[in-house]
Amino acid sequence: MLITLSLVALGGAIGAALRFLSGVVFMRLTGPTEFPMAILTINVLGSFLMGVFVIVAAQRGLTHYSPFVMTGLLGGFTTFSAFSLETITLFERGQIGAAGLYVAVSVGLSLAGLMLGLILARGIFV
């Protein structure tokens with residue numbers, strides 16, 4: 001368990017560093033934008049890589065790398081990739097309503113949670 005936890009932590013650190021560096025590179029290439037294109041690009045790329053890894057790992061018997069790659073590296077690069085995988089898994093199981101509900105509730109409650117955090121922090125710290 002400790003080795004697996006260490007691999008998740010290492011992957012997470014690498015993924016987070018890659019997310020930061022990707023954002024910096026994107027910003028230098030495109031300049032500042034009103035729309036968060038860097039994060040959108042990172043989220044889409046991370047989701048794509050998650051999809052590729054799931055299939056390759058399953059077909060080649062590499063699922064033991066999942067904690068490092070999926071939870072750590074891609075989770076650190078973008079947590080959106082895990083959200084995307086869970087949504088598509090529900091969809092592929094034929095649970096289309098559950099997938100739609102998961103998307104709506106996840107996005108809605110996440111935005112509400114962020115907004116509540118902003119409001120509370122502004123009331124306390126500002």
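## Contacts of N43

Leaving aside neighbours within four places in sequence, N43 is in contact (heavy atoms within 4.5 Å) with T78 and F80. N43 lies in helix 2, residues 37-60, where helices are DSSP runs of H or I with at least four residues, strands are runs of E with at least two, and both are numbered from the N terminus. Because its relative accessibility is 18%, N43 counts as buried; buried means under 20% relative accessible area, exposed means over 50%, and partly exposed lies in between, with a 1.4 Å probe and protein chains only.

## Basis of the model

This is a predicted model, in which local features need pLDDT of at least 70 and side-chain atom pairs count only at pLDDT 80 or more, while totals for chains, interfaces and linings use all residues. Residues are numbered from 1 along each chain as its sequence is written, and side-chain values use heavy atoms, with hydrogens and water left out.

## Surroundings of S81

S81 is found in helix 4, which covers residues 80-92, and S81 counts as buried because its relative accessibility is 1%. When residues up to four places away in sequence are not counted, S81 touches G46, S47, M50 and L74.

## Chain as a whole

The protein chain has 5 helices and 0 strands, and its C-alpha trace spans about 50 × 40 × 35 Å along the principal axes. Of the 126 residues in the protein chain, 23% are buried. Among contacts with a separation of 6 or more, 60% are accounted for by residues 24 or more positions apart.

## Surface and nonpolar patch

The accessible surface of the protein chain comes to about 8,900 Å², and 75% of this belongs to carbon and sulfur atoms; accessible areas come from the Shrake-Rupley method with a 1.4 Å probe, and for residues only the protein chains shown count as cover.

On this surface, I3, L7, L10, I14 and L18 form a nonpolar patch, with about 440 Å² of accessible area together. I3 lies in helix 1, residues 2-30, and is exposed, with a relative accessible area of 66%.

How values were computed
Patch = residues over 30% accessible without salt bridge, like charges linked within 9 Å, V, L, I, M, F, W, Y side chains within 5 Å. Salt bridge = Lys/Arg side-chain N within 4 Å of Asp/Glu carboxyl O.
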